[in-house]
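Dear colleague,

Here is the structure I said I would pass on. My notes on what turned up follow below it.

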Amino acid sequence: MFKKLFGFLVFVSAIVLFWFGFAFWTGLYSVYSIPPSKQHPDGSTLVVSREEGEPLFNSPDRILPPPPKKEQRSTGIGFGLTVKQKRPVPERTIVNLPFIEWAYKKSLEKPDPEETR
C-alpha cells in the first residue's frame, strides 16, 4: 500500500515539476521577489502569471529601461493598439515561497532585451 502511495506521489511531483519548468520556459510564469522590509519582514518570492513585457525575474527594486520612443504619424485616421491594464501582483500570484536571495539578485541584473516576451 505504501509503495503504491509513494509511487503516486512521485508521479504527481514529476508532473508538477514538468509543468512549472514548461511554464517558465514558455513565458507563462515569472518569479517576483520581494526583499525583506518593514512591510514584509521575512520577504517572499512569488511565482506569478507573466504579463506582456515582464521579465522572467522581477522585483519592486528592478531598474526599468527607458520606454521606447513612439512614432508620431500625422496623416489619416488609424487604429492604434489598445493598452491592456496590467493586473497587480497579488491577483497574479500562483505560489508564495520564502524569500530566495539569488532570485532577487537575478532580478536586479541589467535587463536583457531577449528576456522579455
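This is a predicted model: local features need pLDDT of at least 70, side-chain atom pairs count only at pLDDT 80 or more; totals for chains, interfaces and linings use all residues.

Leaving aside residues up to four places away in sequence, Val 89 touches Tyr 32, Leu 46 and Val 48.

Strand 1 is mostly covered, with six of its six residues buried. This holds for both faces: Tyr 29, Val 31 and Ser 33 are buried on one side, and Ser 30, Tyr 32 and Ile 34 are buried on the other.

As for pairing, strand 1 and strand 2 run antiparallel and are joined by six bridges. Ser 33 has Thr 45 as its bridge partner in strand 2. With strand 3 (residues 57–58), strand 1 pairs in the parallel sense, over two bridges.

**Aromatic pairs**

Searching the whole structure gives eight aromatic pairs. One of them is Phe 18 with Phe 22, a stacked pair at 6.4 Å centre to centre with 15° between the planes. The two residues are four apart in helix 1 (residues 2–26), so about one helical turn separates Phe 18 from Phe 22. Phe 18 is exposed, because its relative accessible area is 61% and the cut-off for exposed is over 50%. Phe 22, at 34%, is partly exposed.

Phe 20 and Tyr 29 form a tilted pair, with 5.6 Å centre to centre and 50° between the planes. Phe 20 is partly exposed, its relative accessible area being 22%. Tyr 29 has a relative accessibility of 12% and therefore counts as buried, the limit for that being under 20%. Tyr 29 is also one of the buried residues of strand 1 noted above.

Ring pairs link these residues into a cluster, whose members are Phe 18, Trp 19, Phe 20, Phe 22, Phe 24, Trp 25 and Tyr 29.

When you open the model, two places to look at are the contacts of Val 89 with Tyr 32, Leu 46 and Val 48, and the tilted pair of Phe 20 and Tyr 29.

Regards

Key: Residues are numbered from 1 along each chain as its sequence is written. Side-chain values use heavy atoms; hydrogens and water are left out. Rings of Phe, Tyr and Trp (its six-membered ring) pair if their centres lie within 6.5 Å; planes under 30 degrees apart count as stacked, over 60 as edge-to-face and the rest as tilted. Buried means under 20% relative accessible area, exposed over 50%, partly exposed in between (1.4 Å probe, protein chains only). Contact means heavy atoms within 4.5 Å. Two strands pair if DSSP finds at least two bridges between them.
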